[in-house]
Amino acid sequence: MLLCSGSLLAACAAGPNYQRPGMDLPEHWVTKPSAISPATEKPVNAAGERWWSLYSDPVLDKIEDEALAHNVDAQVAVARILEARAQLGITESDQYPKLNANGTQSRTKRSINPGLFIPPVRILEFSRVTLDASYELDLWGKFRRVSEASRADLFATQSNRDAVRLSLTAQVAQQYFALLSADAQESAIRRVLAGRQERLALDKKRHEVGVISEYELHQSEADADTAQSQLISITKARDQQEASLALLLGRSPRNVMNGKLERGNPTLTNVWVPDGLPAELLLRRPDIQEAEQKLIAMNARIGAARAQFFPSISLTSYLGSESISLSNLFTGPAGIFQFAAGIGQPIFNAGRIRFGIKVAESRRDQALAQYKQTVASAFADVRNALFAQESARQTLLAESSRSRALSKAHKQAELRYQVGISSRLEFLDVERNYLQAELNRIDAERAQRTAVADLFKALAGGWQQPTVKPTQRPLPS
């Protein structure tokens, strides 16, 4: 009857089977066409896993590889996978019989004081060697549900590793662009500082011969000091950015302290998401997959908790030898064996099992809510990234146009000041506006490059064209 019951219930497992929750997802991507230059636009589904190669910067490619190989967070994520894989092996081992070899050797001295029983032998030796086996039948799927949960935990750690790598590559690109932006802003400030220092040297000579007053000389000194202060601030920010990027790359303390990062020249790449791509494509994001695997694990643990209500059936046996003489331990008369079956059924435990099920169900509900929130956040990230990229592109166009106009105005104002047509205050006002416009233009370039990285991060990186049915981009309206 026991074997028959086991064969009939072999496919049974307590608790609910997992089904992916229904979500109200959009059917397709809907994107607005923009007037992006055809020479620089690229579709996101043309990029592979190494999406940062779209920037065409060998230095960026190099440091991305360095970060993936040496970043501490990435190494921790890999170690967690190894831990989860080992934990899965531990839980799966409970489904198999356990076999142990045991041996004992004892020497006992007995009392010879008068009593009800006087042993004929005062010193007794005893030897025993056995091979013990035990096995608990998994009729209700308790161990299978625990293994299912551990397997989902393993998949969750793998998805977490992918999420860490995706976030890492985006962070490396963003900090690299910020470093290049700081370099460009430093160069712009140095150019302005050099011009003001030249004018200060000239004003000192003009003051000596009485052409300008001491008041004008002090104004010239203050203008040079202002540019010098701006240079110190941007240099400090640049050095901090370089140290942060070195840490992100997982470099040694010596390289973090004294090393220099190579610079490249990334292109201003624009990407677009073709209309008609299925919205389910976003479900490949590693954070969504991690949240779903955690939901699967919590759902499986409900079954493991419910299985506690049912009886547990265990089989035990041993085979071996025992003898009071070590020389006769392995002879035929010394052989022993035992086979036993045991069953245990919970009767009263003050609701412990029932409360354990409620705990498992509440954790499943929490994981379900987090999964839905992760999916919703993913779509919000894509929407924000699409808007941010278009906004950054338009901002860069406006700031570039403003910088070009003020550059011409600065040259004209300088000529007017030199011939005495305009005042010094008017010239300095134009110069300050031009410097700020140039700094804003450089920052807009950084924001545009960063917006592309944010979009790939929101879309879980790039993918190859054959993965998705090709679609044509609609003509601009």
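Trainee: Which helix does Arg-441 lie in?

Mentor: Arg-441 sits in helix α9, which covers residues 424-458. Keep in mind that this is a predicted model.

Trainee: Is Arg-441 buried or exposed, and why?

Mentor: The idea is to look at relative accessible area: buried means under 20%. Arg-441 comes out at 19%, so it counts as buried.

Trainee: And what does Arg-441 touch?

Mentor: Skip the neighbours within four places in sequence, and Arg-441 is in contact with Leu-396, Glu-399, Ser-400 and Ser-403. Its side chain also makes a polar contact of 2.7 Å with the side chain of Glu-438.

Trainee: Where is Arg-199, and why does it count as buried?

Mentor: You'll find Arg-199 in helix α4, residues 142-208. Same cut-off as before, under 20%: Arg-199 has 14% relative accessibility, so it is buried. Leaving out residues up to four places away in sequence, Arg-199 touches Ser-220, Glu-414, Phe-427 and Glu-431.

Trainee: How many residues of α7 are buried?

Mentor: 15 of its 21, so the helix is mostly covered by the under-20% rule. Helix α7 runs over residues 286-306 and reaches 31 Å from first C-alpha to last, close to the 30 Å expected at 1.5 Å a residue.

Trainee: Which residues form a nonpolar patch on the surface?

Mentor: Leu-99, Leu-131, Leu-319 and Phe-337, with about 460 Å² of accessible area together. Leu-131 belongs to strand β3, residues 123-137, and at 40% relative accessibility it counts as partly exposed.

Conventions:
Residues are numbered from 1 along each chain as its sequence is written. This is a predicted model: local features need pLDDT of at least 70, side-chain atom pairs count only at pLDDT 80 or more; totals for chains, interfaces and linings use all residues. Side-chain values use heavy atoms; hydrogens and water are left out. Patches are made of residues with over 30% relative accessible area and no salt bridge: like charges are joined within 9 Å, nonpolar side chains (Val, Leu, Ile, Met, Phe, Trp, Tyr) within 5 Å. Accessible areas come from the Shrake-Rupley method with a 1.4 Å probe; for residues, only the protein chains shown count as cover. A salt bridge is a side-chain nitrogen of Lys or Arg within 4 Å of a carboxyl oxygen of Asp or Glu. Helices (H or I, at least four residues) and strands (E, at least two) are DSSP runs, numbered from the N terminus. Buried means under 20% relative accessible area, exposed over 50%, partly exposed in between (1.4 Å probe, protein chains only). A polar contact is a pair of N or O atoms within 3.5 Å; within protein, one must be able to donate a hydrogen and the other to accept it, and residues adjacent in sequence count only if both atoms are side-chain atoms. Contact means heavy atoms within 4.5 Å. The expected span of a helix is 1.5 Å times one less than its number of residues.
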